[in-house]
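Hello,

Here is the structure I promised to pass on. My notes on contacts, salt bridges and surface follow below it.

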Amino acid sequence: MFSKSKINEPGPKADESSAPKPAMSETSRPSSGNEFKASAPKAKPAASILSSDLHITGNLKTTGDINVEGTVEGDIRAHLLTVGESATIKGEVVADDVVVNGRVVGRVRGLKVRLTATARVEGDIIHKTIAIESGAHFEGSVQRQDDPLNGGKAKPVPTAPAPAPAPAASNG
């Protein structure tokens with residue numbers, strides 16, 4: 001019996017040298033438990049939650065998701081930003097997906113922007129797609145762009161200061 005198990009042991013060890021089978025066995029083994037999420041660097045982390053009693057002064061930047069329930073005075077850049085009903089953000093918001101349930105005072109830029117019925121937005125919205133539910137309050141302008149995440153650079157395109165230097169050059 002021992003010789004059979006010794007014969008079986010070298011077989012898997014030889015497969016481990018190949019490396020494809022252990023990768024599959026590691027993937028299937030941790031997927032049963034929470035170890036897979038902790039050990040795999042490609043696993044998507046959970047959204048960061050800023051609770052309703054939290055007040056932040058400063059900018060936030062992440063490649064992940066943020067759920068804001070508190071107050072943020074500063075700019076936010078994220079993959080998915082969810083502004084909770086009790087949340088207030090005073091600053092620019094830039095995200096692939098923006099869902100506003102609360103209050104935003106400042107510009108909103110996103111590929112997909114959604115204002116729910118409880119949303120209060122005071123500022124311009126630059127988007128690729130937008131949805132505004134009935135009951136949402138919005139004061140500002142809406143502009144569609146194919147690349148709204150880099151749309152801040154498009155604002156200086158209409159150059160009003162360019163004509164001013166021309167008369168100054170004429171007078172000099």
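Leaving aside neighbours within four places in sequence, Thr82 is in contact (heavy atoms within 4.5 Å) with Ile66, Asn67, Val68, Val99 and Asn101. This is a predicted model: local features need pLDDT of at least 70, side-chain atom pairs count only at pLDDT 80 or more, and totals for chains, interfaces and linings use all residues. Residues are numbered from 1 along each chain as its sequence is written, and side-chain values use heavy atoms, with hydrogens and water left out.

Thr82 sits in strand β6, residues 76–83. Strands here are DSSP runs (E, at least two residues), numbered from the N terminus. Thr82 counts as buried, at 19% relative accessibility. The cut-offs: buried is under 20% relative accessible area, exposed is over 50%, partly exposed is in between (1.4 Å probe, protein chains only). The side chain of Thr82 also makes a polar contact with the side chain of Asn67, at 3.4 Å. A polar contact is a pair of N or O atoms within 3.5 Å; within protein, one must be able to donate a hydrogen and the other to accept it, and residues adjacent in sequence count only if both atoms are side-chain atoms.

Now the charges. A salt bridge is a side-chain nitrogen of Lys or Arg within 4 Å of a carboxyl oxygen of Asp or Glu. By this rule the count is 5.

- Glu92 and Arg107 pair through their side chains at 3.0 Å, N to O. The pair links distant parts of the chain, 15 residues apart: Glu92 is in the loop between β7 (88–90) and β8 (93–100), Arg107 in the loop between β9 (103–105) and β10 (108–115). Glu92 is buried at 19%; Arg107 is partly exposed at 24%.
- Arg114 and Glu133 meet at 3.1 Å, N to O. Arg114 is in strand β10 and Glu133 in the loop between β12 and β13 (137–139), 19 residues apart. Arg114 is partly exposed at 38%, and Glu133 is partly exposed at 32%.
- Arg144 and Asp146 meet at 2.8 Å, N to O. Asp146 is exposed at 57%.

Salt bridges that share partners join Glu92, Arg107 and Arg109 into one network.

Last, the surface. Ile130, Ile132 and Val142 form a nonpolar patch with about 220 Å² of accessible area together. Patch residues have over 30% relative accessible area and no salt bridge; like charges are joined within 9 Å, nonpolar side chains (Val, Leu, Ile, Met, Phe, Trp, Tyr) within 5 Å. Areas come from the Shrake-Rupley method with a 1.4 Å probe, and for residues only the protein chains shown count as cover. Ile132 lies in strand β12, residues 125–132, and is partly exposed at 45%.

Best wishes

Definitions and conventions
Helices (H or I, at least four residues) and strands (E, at least two) are DSSP runs, numbered from the N terminus.
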